[in-house]
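Hi,

Here is the structure you will be working with.

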Amino acid sequence: MEGHRRVVCGATQTIGLLAFIYLFYTQSFAFNPINFCFGNGNLSATLKDGVGVLEDDFQPFLKSLVGDYDLRNLDTSGFACDATLHPLVCVAINHVKIDIKTMEIYTSTRFNSTNSTDFLVKEEENIVQVRPYAWHQSDLLKNVTPVKFHRERQQTPARYCEYNHKVPAVIFSSGVFAGNTFHEFNEIIIPLFITSRLFKSRVQFIFVDYNPYLVEKFKRIFTSLSQYDILNPMVNKSIHCFPGAVVGLKFHNFLAINSSEVPKGNSILEFKTFLRTTYGLTSMNVSETASATPKLLLVSRRKTRSFTNEDEMVDMMEELGFEVVVVRSNKKMSNLDKFAKLVSTCSVLIGAHGAGLTNLVFLPAGAVVVQVVPLALEWPSTVYFGEPAPAMGLHYLEYKIGPEESSLIDSYPRDDPIISDPGSVFAKGYYFGKETYLDRQNIRVDVNRFKNTLIQALRLLGRTTPSRKR
């Protein structure tokens with residue numbers, strides 16, 4: 001009899017443990033084993049029964065990601081795409097199933113010609129395809145994994161949710177420029193901030209073309225924008241259900257956020273505040289970093305557009321009274337936990353046109369950015385850094401080199417079109433110009449002429465006369 005009681009007691013404990021596990025999974029992960037095993041027979045029932053209802057406060061955020069014309073379509077059909085600016089961004093406010101393995105999204109919405117995306121719709125298949133990357137250049141987008149929206153009809157075999165989520169999904173790609181700080185911020189980080197900040201971290205990121213280096217480098221930003229781990233399609237092969245989804249990221253302009261663009265209300269200054277909070281940067285204004293010796297950060301390039309007389313430049317900077325910090329390692333710049341703090345203590349950032357200047361996003365307000373503009377690179381220098389810097393509350397100066405300061409003068413005569421008419425070189429094709437001016441050009445700065453630019457930088461910092469070491 002005693003043995004019988006022990007068996008009963010053990011069985012009771014086992015049943016209790018199983019009940020606890022069941023409640024833990026259903027409450028913590030919204031996992032429904034009945035739907036998982038047997039399903040409900042059709043898409044609408046499966047979605048509505050298996051996925052948390054889209055909270056009312058998410059609706060305005062999702063709708064804010066499309067323009068007025070597309071908003072009417074979103075209200076009518078539950079699906080719309082916005083291509084007001086460069087990238088195509090599609091929004092679904094109805095329940096969706098996402099096959100993470102194939103990046104196919106199933107919804108009960110019908111895609112029709114009333115959507116502004118009708119040029120993407122294959123009517124006979126009812127499919128909308130999006131390549132979720134913010135750089136709208138066809139030869140680059142072809143390398144981005146497409147995400148496809150499918151209309152799942154009632155008569156088709158139902159797909160059942162393996163994981164249910166109560167927050168919307170935002171799907172984006174790492175693109176093809178991982179490792180280049182400018183493109184990382186320009187096409188991923190700033191657009192992700194624009195797109196997801198409204199959700200107040202209640203959003204699930206799905207990272208197409210998953211790049212572990214990128215996730216590690218920007219982990220603080222990702223975890224600040226979403227309280228959930230990023231879903232990696234390379235590892236997670238399950239079917240996930242969401243109460244809504246955004247495919248693609250909003251892009252306003254190069255390193256820019258325009259408060260008048262969709263979604264309205266954000267600004268690049270808010271983004272800088274976000275970075276300051278995320279990385280624990282204490283200096284809001286350059287006056288808070290002021291000392292007897294202002295700190296100057298010189299970005300030193302190694303492979304191309306490098307300063308061939310860098311030591312001479314540093315000597316001149318120190319003679320003017322700067323504490324000069326030369327950064328040569330991409331590895332050092334990739335450790336944002338440390339490098340962001342270093343940049344935030346600097347009064348001046350100097351570099352030749354290139355990705356390293358993107359670190360201006362960490363400078364305190366009132367700091368000075370000095371861009372050395374190589375031969376033939378006036379347009380990208382102005383658009384990529386010259387225009388964004390003042391919008392971030394920074395002073396901007398540029399130093400345009402002359403032909404004699406370019407290494408190209410060693411290979412081509414003064415009257416060669418490569419020296420005298422760069423426009424004709426780019427007219428042959430972007431990649432021909434890129435190879436010549438971006439990939440094969442180094443710089444020997446005229447130190448005496450460049451000195452005047454740095455004296456101007458000192459004056460912008462409130463130092464009317466250069467101080468010299470004794």
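Cys81 and Cys90 form a disulfide, with 1.9 Å between their sulfur atoms. A disulfide here is a pair of cysteine sulfur atoms within 2.5 Å. The link of Cys81 and Cys90 is right-handed, with 105° about the S-S bond. Cys81 and Cys90 are both buried. Buried means under 20% relative accessible area, exposed means over 50%, and partly exposed is in between (1.4 Å probe, protein chains only).

Please keep the source in mind. This is a predicted model: local features need pLDDT of at least 70, side-chain atom pairs count only at pLDDT 80 or more, and totals for chains, interfaces and linings use all residues. Residues are numbered from 1 along each chain as its sequence is written, and side-chain values use heavy atoms, with hydrogens and water left out.

Now the other pair. Cys161 is joined to Cys241 by a disulfide, S to S 1.8 Å. The link of Cys161 and Cys241 is left-handed, with -85° about the S-S bond. This pair connects distant parts of the chain, 80 residues apart. Cys161 sits in the loop between strand S6 (147-151) and strand S7 (163-164). Cys241 lies in strand S10 (residues 239-242). Strands are DSSP runs (E, at least two residues), numbered from the N terminus. Both Cys161 and Cys241 are buried.

How many disulfides does a search of the whole structure find? It finds 2. Counting bonded cysteines along the chain, the disulfides follow the pattern 1-2, 3-4.

Cys346 counts as buried because its relative accessibility is 0%.

Best wishes

Definitions and conventions:
Helix = DSSP H or I, 4+ residues; strand = E, 2+ residues; numbered from the N terminus.
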